[in-house]
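Hi,

Here is the structure I said I'd send over. Have a look, and my notes follow below.

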Amino acid sequence: MAASRGRTKKRAPFDQSDNLPLRSSGRQAKKKAIDTADEDDDGGSEKKYRKCEKAGCTCTYPVCFASASERCAKNGYTSRWYHLSCGEHFCNECFDYYYRSHKDGYDKYTTWKKIWTSNGKTEPSPKAFMADQQLPYWVQCTKPECRKWRQLTKEIQLTPQIAKTYQCGMKPNIAVKTETSDHCTLPEDLRVPEVSNHWWYSMLILPPLLKDSVAAPLLSAYYPDCVGMSPSCSSTQRTTNAAGKLETTKTTPLLGMNRYFQPFYQPNECGKALCVRPDVMELDELYEFPEYSRDPTMYLALRNLILALWYTHCKESLTPHKCIPHIIVRGLVRIRCVQEVEKILYFMTRKGLINTGVLNVNPDQPLLPKDYHNKSVIVVGAGPSGIAAARQLCNFGIKVMVLEAKDRIGGRVWDDKSFNGIAVGRGAQIVNGCINNPISLMCEQLGISMYKFGERCDLIQEGGRITDPTLDKRMDFHFNALLDVVSEWRKDKTQLQDVPLGEKMEEIYKGFIKESGIHFSELEEQVLHFHLSNLEYACGSSLYQVSARSWDHNEVFAQFAGDHALLTPGYSIIVEKLAEGLDIHLKSPVQSIDYSGDDLQVTTADGTIHTAQKVLVTIPLALLQKGAIQFNPPLLEKKMKAINSLGAGIIEKIGLQFPYRFWDHKIQGADFFGHVTPDVSKRGLFAVYYDMDPQKQQSVLMSVIAGEAVEVMKNLDDKQVVQQCMAVLRELFKEQEVPDPIKYFVTRWSSDPWIQMAYSFVKTGGSGEAYDIIAEEIQGKVFFAGEATNRHFPQTVTGAYLSGVREASKIAAL
């Protein structure tokens, strides 16, 4: 070696940065005078060393890990040590071996450099090459009593299988152990404990880039090194066209992954709910992990890996133990990755990004560590939001009790399964946008299939004639044009006064007729009112109560994309599965919540007092507006104002079973058909009929009553409502006999004492901000969930569920 031969060398001049040396270490030169003086002081017989020149490096005597050159300095003297981490260096001789064109390792380096350049975005440097190709792997002994970290020999390539099974002394490339002694008794490398120190990561020259990450097929459109993956792996190689430009590639679904699972945005994509950018940390992630704000590469690599693993194995909880074998990266940094993945996984679990839905979690093995368990929570209401929160909290290891006023769980989820095995939702049953929807996740977990609605909806006039589709499209265009003008109107900041949406649309419509001179036919007017009735169904109210300024306030946020589907088994099966094993008390209406002391007191109608540290209120907005629960101290005026600025929307449903499918010949396989009424004042009465059997075998229809028609229905009994519905059907199918129904139901949500509504909307003069204000917790003690607290996804079971997950996360974090 250079030092042991006693040659005197002149130190090559170096920049203090990571630039390459200005002179070749192959030239022979004299050492600096200070080195000669040191030699004289030491008697001239001791081995010479040079310290790492990286400021702050704690390594006193560097050792070359590469051992590539025959003249490798090993643990002796070299003209320069190249720093990768505080425990990993390579000598100038090994640098030359790969970097100099006349050396044997040059071809290997240039081959790697070509692959890196074609796939990656960062510059291919000698240090990146050594980190990516030459550093040894580290692996942890899987024996519970050992768990020591061991460095693998250079020729061994780490795989998930090796990481899962490795034990001290094991030779992964040899079938049997060559030695029988207990290698676990050997001490752990002294460099390993240093990796845990906070300063160690700051001294890392290059961030870790995972090899063959499970997330790679989902991120093929990104530069791998921008999303925490190595560009040198076959799984991350990108293709170029004849012009040498990168081709736009579609993501490859992972084997076994549901087609509705799309956890990552693709480049230049936006507006897709519950999607993350794989190359950027979200704000809440930066708040939780500020140490990654300068270089988020390690965080992104581990977060993307965790998400990919979760969505490919969502039927069982994801643990650090299951993630660790998939962390394939060279060097001591793998130890740091293994330590960090646990923290990141617990954060993502708490936020409901993973380990959510209808998981079967062993109560003795909760999803979060013991630090989170010292809480007790009471959930008021067993609807989707309350049950979702309770399920999450229970899975976290937190003690939780649910108090429900009714004699059943589900709230506004209530399925009637008495129609020859066909589930008909008295409440919600449609999934609006399946991509990344938590309902899709839970269906996958339960093995439930959703039925994708077709797009065809024939509009049938009373008398039986089917409306010309071109006329329908023309009036649909005019309907959307009215809404576009409303959008333009509210951009005018001088318009301070809000008005009802129905009034504003009527004003715009009349202005259009006057200015354009166009006169719509009577049928065209009726079709326009059909579309207006659909809007009233969506809002849950007459358009004359809805805010023109804020009727679609949530559209500024990313919404769920993809198919609209019918949850054929009904939502109840999901709610019931979520509720399994929870401590639920039915027929226990809560009358008061006293949060004036350290512990909260929740009093039910029978006088029972329950105590807890936190309480989550999930009752419907209508009950909050009517003061169904007395709070002590009272709710702030700001919150009460927000509660009253929203409307408690009402729709009702009717389900009908017939002796045979009389509509088949006319509808020809469509999933629904529309009703064009000549009396526009009744536009909300049975505007759409849904065929509830996707297999087209059973004879079950469902229809909706919305808008001002709801008030008309209140004065009728069920039989009269059915008679009106049948009169409509007989008009729509006038050319044939329409049989009487053999079974039916009519909902009465507005008169249910513990519900009194369908879903919320923004009243005239209100704004979407009210949803956020209602959701604000009080003193870290009283929390609120439900669809009327979810500004992004109101009016839906999905929104209710996610609000429960949101509050469970907040409660666990406090």
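The chain averages a pLDDT (the predictor's confidence in each residue, from 0 to 100) of 91, and 91% of the residues score at least 70. Residues 1-46 sit below 50, though this stretch still has 74 contacts (heavy atoms within 4.5 Å) beyond near neighbours in sequence. Where pLDDT is low, the predicted coordinates should not be read in detail.

Some bookkeeping: this is a predicted model, where local features need pLDDT of at least 70, side-chain atom pairs count only at pLDDT 80 or more, and totals for chains, interfaces and linings use all residues. Numbering runs from 1 along each chain as its sequence is written, and side-chain values use heavy atoms, with hydrogens and water left out.

Now the nonpolar cores, meaning sets of buried Ala, Val, Leu, Ile, Met, Phe, Trp, Tyr and Cys residues joined through side-chain atoms within 4.5 Å; buried is under 20% relative accessible area with a 1.4 Å probe, protein chains only. The largest one has 109 residues, and Ile306, Ile327, Ile439 and Leu567 touch the most other members. Helix α9 (residues 297-312) gives the most to this core, 12 residues; helices are DSSP runs of H or I, at least four residues, numbered from the N terminus. A second, separate core has 61 residues, including Val380 and Tyr771.

What does Ile327 touch, leaving out residues up to four places away in sequence? The partners are Leu158, Leu210, Leu302, Leu305, Arg334, Cys337, Val338 and Val341.

Cheers

Methods:
Buried < 20%, exposed > 50% of the residue type's maximum accessible area, 1.4 Å probe, protein only. Helix = DSSP H or I, 4+ residues; strand = E, 2+ residues; numbered from the N terminus.
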